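Open the model in your viewer and keep the selection tool at hand.

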Amino acid sequence: MAERTFKIWRGNNDGGEFVEYKIDVGPGWVVLDCVHRIQQQHATDLACRWNCKAGKCGSCSMEINGKPRLGCMTRMNSFGPEEVITIQPLKAFPVIKDLVTDVKWNYEQNKRIPPLKPKARGADGHHRMMQEDVDRVQEFRKCIECFLCQDTCHVLRDHEKHDKFVGPRFMVRLASLEMHPLDTEDRVDKMRKEFGSGWCNITRCCTEVCPEHIGITDNAIIPMKERVVDRTYDPIAWFFRKVFGKK
Amino acid sequence: MTTTTARTAIGGHQNTFAATRRDDKWWVGPVLTASGLALFFGYLTLRVFSGVYYWADPYLSPVASPPVFTPAAGAGVVPVSHAWLGAFPSFWPRFLPQSPGFFLPVLAICFRMTCYYYRKAYYRAFAATPPACGVRGVPLKYRGETALLLFQNLHRYALYGALFLLIFLWLDGFKAFFFHGHFGMGVGTVMLMVNAALLTGYTFGCHSWRHLIGGKLDCFSCDGGSRARYGIWKKSSWLNARHMQFAWISLVWVALTDFYIWMVSSGAIKDLNTW
């Protein structure tokens, strides 16, 4: 056991302050273990959302030394022995209390996205897909909705364009639907006009923080931006659509 | 043991430029990127404007390839017979050097400037939007790529230009095996061939190429054409995952190749070859 120092932001959406805690940390501990020990020993009212402690529920998102990370997947031995660990709530969303933020805005964005509209079943009454057609979509299904990508996206985090851009998480969801081999819904125009694909400037922080290592930028956002280019900005594609009437 | 500190902004997040709680050297990345871009693009820009020492028979610098016009005379200039339209016309402005680099090689600049990787690089390094993840960017009005930067959406046209250029860069490599009709090779031949190979890796890992060749399809298995495109898309995806590496290595190699040809052309060094 070794004594470690933590600075945890305590407060709500009206204001707050950093509070320093010192606890003994054991081998193999993660930051979430430390938060729980602080709750036990020093601050029983310290609010922190968590659930699985295995990096699969996406609940314990927080900012650890300025980086959006999962508390349960951040090992204490990844820090220097004298390093003070600063823990903050996510910046992109309103604070409810201490480390807990109100992420309901994300669920509202999800509801805005037109759901899967499958094509008609085959003559045998089944839908069939080949593995190579769903590989791309299956990568996106790894998302645990921790919203770290939303938090680190500077469009939401710094510029607060929540009314313009749905954020990387929902660009991934849009991609998973648009690339689905059975889907017949067309979301490309909405992608630009309503979901704000043009607000992303490809600085790739979303990809860097994703705990599931989803290629958010390369495999979801850029392919969707390219589909928007097909539809809206490419003059030759526009000409062919006008002449041949094909979308 | 607990200690409280002064009250801070909500969540402890400041909104001033470069504010962050990160305690690592987050600024190293943008500084290195800015330095690298300034160094290599700066060098290539100066070489385009220099207008001399692009030709050291049988090597043609990628900075001047393919030459549309070439000066009628000068140090290390491309022979008039090699230029598509011969010597520069008499009405060419006097204040501009007679450089073949002002024509088709500009397509390569357009390709890199609108590249999805370079966008990350220069948005972070020069525009600071944001300089690094979790670091507050420039607190100016932000429009993303919805207004002034809408032109970035035409990256695929820059790709078409780059594909066109690639043909000539490979031709330059093959021509570099022949000196006055005699087959052989020199250091310059190797540099030109590696240059073409690296630029091929960079170009075919392009996000727009990956989209156009197969990424735009929703069904890869639906017909023979889709299956063929799926195969190419997978190879492009492999290159795409290494797009940043190809972007940097090919950029450095273009500059090195040009520098080597400049040195040979000016007589500063002698080309090692089999002729």
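What percentage of the contacts in chain B with a separation of 6 or more is accounted for by residues 24 or more positions apart? The figure is 66%, where a contact means that two C-beta atoms, placed from the backbone, lie within 7 Å.

This is a predicted model, in which local features need pLDDT of at least 70, side-chain atom pairs count only at pLDDT 80 or more, and totals for chains, interfaces and linings use all residues. Residues are numbered from 1 along each chain as its sequence is written, and chains are lettered from A and ligands numbered from 1 in the order in which they are written.

Select chain B. Its secondary structure comes to 8 helices and 5 strands; these are DSSP runs numbered from the N terminus, with helices being H or I of at least four residues and strands E of at least two.

Next, select helix α2 of chain B, residues 106–113. B:Ala108, B:Phe111 and B:Arg112 are buried there, meaning that 20 or more other C-beta atoms lie within 10 Å of their own, again placed from the backbone.

Now select A:Met171. Leaving aside neighbours within four places in sequence, A:Met171 is in contact with A:Val166, A:Ser197, A:Ala220, A:Ile221 and A:Met224.

Finally, show both chains: 51 residues of chain A are in contact with 45 residues of chain B.

Terms used:
A residue is buried if 20 or more other C-beta atoms lie within 10 Å of its own, exposed if 12 or fewer, and partly exposed in between; C-beta atoms are placed from the backbone.
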